[in-house]
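Here is a short report on side-chain contacts in one protein model. Look at the structure first, then read on.

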Amino acid sequence: MNDISLGSQLTVILPTLNESENIGKMISHLHSLLSDLKIIVADDGSTDGTIEIVNQRIIENRNISLLNRSEDPIKGLSVSIAEAINQTETDYFVVLDSDFQHPPEKVIDALKLLNEGFPLVIGYRTEFKGWSFKRRLISWGATDLGKFALFIRGRNRPRDIMSGFFGGKTDFVQKILHENPGIIEPRGYKILFDLLKILPKKDKIGEFPYSFQEREEGKSKIKMKHFLIYFRSLFK
């Protein structure tokens, strides 16, 4: 994959909120893997210098762009990712955390599956480094409830419906977002689950494993309100 690069077909979407300690390292790491891939940093209003770091990288590399949502009235991980997907111009996209909890090397696994023809690919977590028992319990409960909601709807139930590491064929997912404008919980953080609720069961999903890592720097942005938004979305 590195010898015959397919990076020009791919945009990596990096949602950020105060990730100045990580974003520069992540951009460099991604371009060391696939030098010609495109990157969209979808920033939700950082105040710690993240935007300034990205703007400097844009001067150095035309394959990097910034979706600056500082002035948008509705903030949220899901709406940031949805906007970035709609701005993507390459054949494929992959959504990746900027804090190295998602190993960037696995982007290549996602790209291989996309090239095999899967319209949606999902990374499933095989290990949860640094997670407390409470966080594991909440995640297990949310996953079970989500899979039951998908079963009731007659939809696909991949291994990790709560994953934030996923990708897709760009025009396929853009079409879903365009035809179902109300399906995304804009202030939510699990856009993948929103997509799975309407993805036809006939559409096959590619899956690849990864070990969920501890953050390299910074703090998690997930709060209890995000779990409440997710539980509300089960019935939407």
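## Salt bridges

Lys202 and Asp203 join their side chains in a salt bridge, at 3.6 Å from N to O. The term means a side-chain nitrogen of Lys or Arg within 4 Å of a carboxyl oxygen of Asp or Glu. Lys202 is exposed, with 65% relative accessibility. Asp203 is buried, at 13%. Buried means under 20% relative accessible area, exposed over 50%, and partly exposed in between (1.4 Å probe, protein chains only).

The structure holds nine salt bridges. Glu83 and Arg69 form one of them, at 3.3 Å from N to O. Glu83 lies in helix H3 (residues 77-87) and Arg69 in the loop between strand E3 (64-68) and H3, so this pair ties together parts 14 residues apart in sequence. Helices (H or I, at least four residues) and strands (E, at least two) are DSSP runs, numbered from the N terminus. Glu83 is partly exposed, with a relative accessible area of 25%. Arg69 is buried, at 1%. Asp194 and Lys197 also meet in a salt bridge, at 3.6 Å from N to O. Both Asp194 and Lys197 are buried.

## About the model

This is a predicted model: local features need pLDDT of at least 70, side-chain atom pairs count only at pLDDT 80 or more, and totals for chains, interfaces and linings use all residues. Residues are numbered from 1 along each chain as its sequence is written, and side-chain values use heavy atoms, leaving out hydrogens and water.

## Aromatic pairs

There are three aromatic pairs in the structure. Phe165 and Phe208 make an edge-to-face pair, with 5.2 Å centre to centre and 85° between the planes. Rings of Phe, Tyr and Trp (its six-membered ring) pair if their centres lie within 6.5 Å; planes under 30 degrees apart count as stacked, over 60 as edge-to-face and the rest as tilted. This pair links distant parts of the chain: Phe165 is in the loop between H5 and strand E6 (166-169), and Phe208 is in strand E7 (residues 205-212), 43 residues apart.

Phe165 is buried, with a relative accessible area of 0%. Phe208 is buried too, at 2%. Phe165 and Tyr210 have ring centres 5.2 Å apart and planes at 70°, so they too are edge-to-face. Phe165, Phe208 and Tyr210 form one aromatic cluster.

## Charges over rings

Arg159 lies over the face of Tyr124, 4.0 Å from the ring centre. The charged end of Arg125 sits over the ring of Phe212, 5.7 Å from its centre. Such a contact needs NZ of Lys or CZ of Arg within 6 Å of the ring centre and within 35 degrees of the ring normal.
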